[in-house]
Amino acid sequence: MSDGARTKRMVVGALLGVCLSVGLLYLLFRSFSHEWLAYQERLLELRWWWVVGVVISTALHCQITAHKWRIVTLTIEADGDLGRGLFAMYSAFIALLGQVIPLQLAILAGRSIALRLHADIPMRRGAYGAIFDQGFDVLVPAILIVPGLLYFLGYVGALTAATFSILLATAIAAVLYLQGAWVVRQALDFAERIMPTSYSKRLGLRRIIDAPEDTFDNAILSRLYLWSAIRCANLVLRAWLVAWCFHLDISWIALLYGHCAVTFTLVLSLIPGGL
């Protein structure tokens with residue numbers, strides 16, 4: 001499929017996502033319009049000063065996302081540096097776009113088009129970089145799934161679950177630092193074998209597996225993992241700040257493991273991230 005046809009397909013998908021978003025939002029507000037006065041009274045009770053913290057955390061999230069994207073881009077294309085400003089601007093735009101179309105579609109389309117326009121990097125190559133980058137954002141919450149399930153099912157307490165999570169995260173960091181290239185290639189090879197052939201070809205897994213050795217440099221993999229962990233922690237902090245603003249009594253441990261579920265929902269969902 002040519003880049004032009006692929007771009008047209010992405011645009012059509014984006015338009016369908018926007019139409020779906022508009023319809024869902026209309027139904028949502030229609031259902032709750034009769035309770036608007038009660039919502040207005042509740043808004044007056046918010047801890048508005050803490051909204052500043054939410055805004056700062058959101059801005060930090062965009063900067064971290066842009067930094068990770070830049071690391072991946074410079075790894076796959078040494079001349080693909082858009083500059084920190086453009087990476088940050090497009091990251092913010094993609095995050096906004098992800099509120100009205102499925103987030104993964106926004107990331108794949110937005111990054112591919114941006115790299116094509118500003119660095120003349122083929123759209124498929126830009127999409128490979130996006131998939132590679134997003135893999136680390138999924139890996140960090142994936143590590144917390146088992147401790148999270150044990151905590152929510154009541155088998156362990158908050159302290160035990162947190163300790164288990166830290167040990168798992170540290171172990172994965174050590175593995176990536178020492179044998180990251182081998183582990184990533186094996187994981188991609190396993191994913192290629194269990195996926196339908198048409199889907200693995202569409203994702204270009206074989207091309208990623210056969211990429212140059214420096215693409216899977218252990219130091220680069222460790223950096224991406226570290227920044228994904230920082231990104232995850234910042235998102236949990238933002239969720240706690242939002243809960244505090246709304247006087248919601250939610251523990252940080254519940255927010256931490258709840259974030260894992262939200263992350264996988266965003267990855268697998270076909271509806272916009274904002275919903």
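Figure 1. Residues are numbered from 1 along each chain as its sequence is written. Because the model is predicted, local features need pLDDT of at least 70 and side-chain atom pairs count only at pLDDT 80 or more, while totals for chains, interfaces and linings use all residues, and side-chain values use heavy atoms, with hydrogens and water left out.

**Figure 2. Aromatic pairs, with tryptophan 69 and phenylalanine 87 in focus.** The structure holds 8 aromatic pairs (rings of Phe, Tyr and Trp, the last by its six-membered ring, pair if their centres lie within 6.5 Å; planes under 30 degrees apart count as stacked, over 60 as edge-to-face and the rest as tilted). Tryptophan 69 and phenylalanine 87 have ring centres 4.9 Å apart and planes at 80°, so this pair is edge-to-face. Tryptophan 69 belongs to helix 3 and phenylalanine 87 to helix 4 (residues 84–97), so the pair ties together parts 18 residues apart in sequence. Tryptophan 69 and phenylalanine 87 are both buried. The rings of phenylalanine 132 and phenylalanine 136 are also edge-to-face, because their centres are 5.7 Å apart and their planes stand at 85°. Elsewhere, Trp50, Trp240 and Trp244 make up one aromatic cluster.

Figure 3. What touches the most other members of the 15-residue core? Those residues are Trp69, Phe87, Ile94, Ile107 and Leu115 (a nonpolar core is a set of buried Ala, Val, Leu, Ile, Met, Phe, Trp, Tyr and Cys residues joined through side-chain atoms within 4.5 Å). Helix 3, helix 4 and helix 5 (103–119) are the elements giving two or more residues to this core, and helix 5 gives the most, with 5 residues. Leaving aside residues up to four places away in sequence, leucine 115 touches Trp69, Thr73, Gly80, Leu82, Asp120, Ile121 and Gly126 (contact means heavy atoms within 4.5 Å). Another core, of 14 residues, lies apart from the largest one, and its members include Leu176, Val184, Ile220 and Leu221.

Figure 4. A search of the whole structure turns up 5 salt bridges (a side-chain nitrogen of Lys or Arg within 4 Å of a carboxyl oxygen of Asp or Glu). One of them joins aspartate 137 to lysine 68, at 3.1 Å from N to O. This pair links distant parts of the chain, with aspartate 137 in helix 6 (residues 123–143) and lysine 68 in helix 3 (residues 51–76), 69 residues apart. Aspartate 137 also forms a salt bridge with arginine 231, where the closest N and O atoms are 3.8 Å apart. Arginine 231 lies in helix 11 (residues 218–245) and aspartate 137 in helix 6, so this pair ties together parts 94 residues apart in sequence. Aspartate 137 and lysine 68 are buried, and arginine 231 is buried as well. The network links Lys68, Arg111, Asp133, Asp137 and Arg231.

**Figure 5. The salt bridge between arginine 116 and aspartate 120.** Here the closest N and O atoms are 3.7 Å apart. Are the two partners buried or exposed? Arginine 116 counts as partly exposed because its relative accessibility is 34%, whereas aspartate 120 is exposed, with a relative accessible area of 57%.

**Figure 6. Serine 165 in helix 8.** Serine 165 lies in helix 8 (residues 158–194). Its relative accessibility is 6%, so serine 165 counts as buried. Not counting residues up to four places away in sequence, serine 165 touches Leu144, Pro147 and Tyr257.

Definitions and conventions:
Helices (H or I, at least four residues) and strands (E, at least two) are DSSP runs, numbered from the N terminus. Buried means under 20% relative accessible area, exposed over 50%, partly exposed in between (1.4 Å probe, protein chains only).
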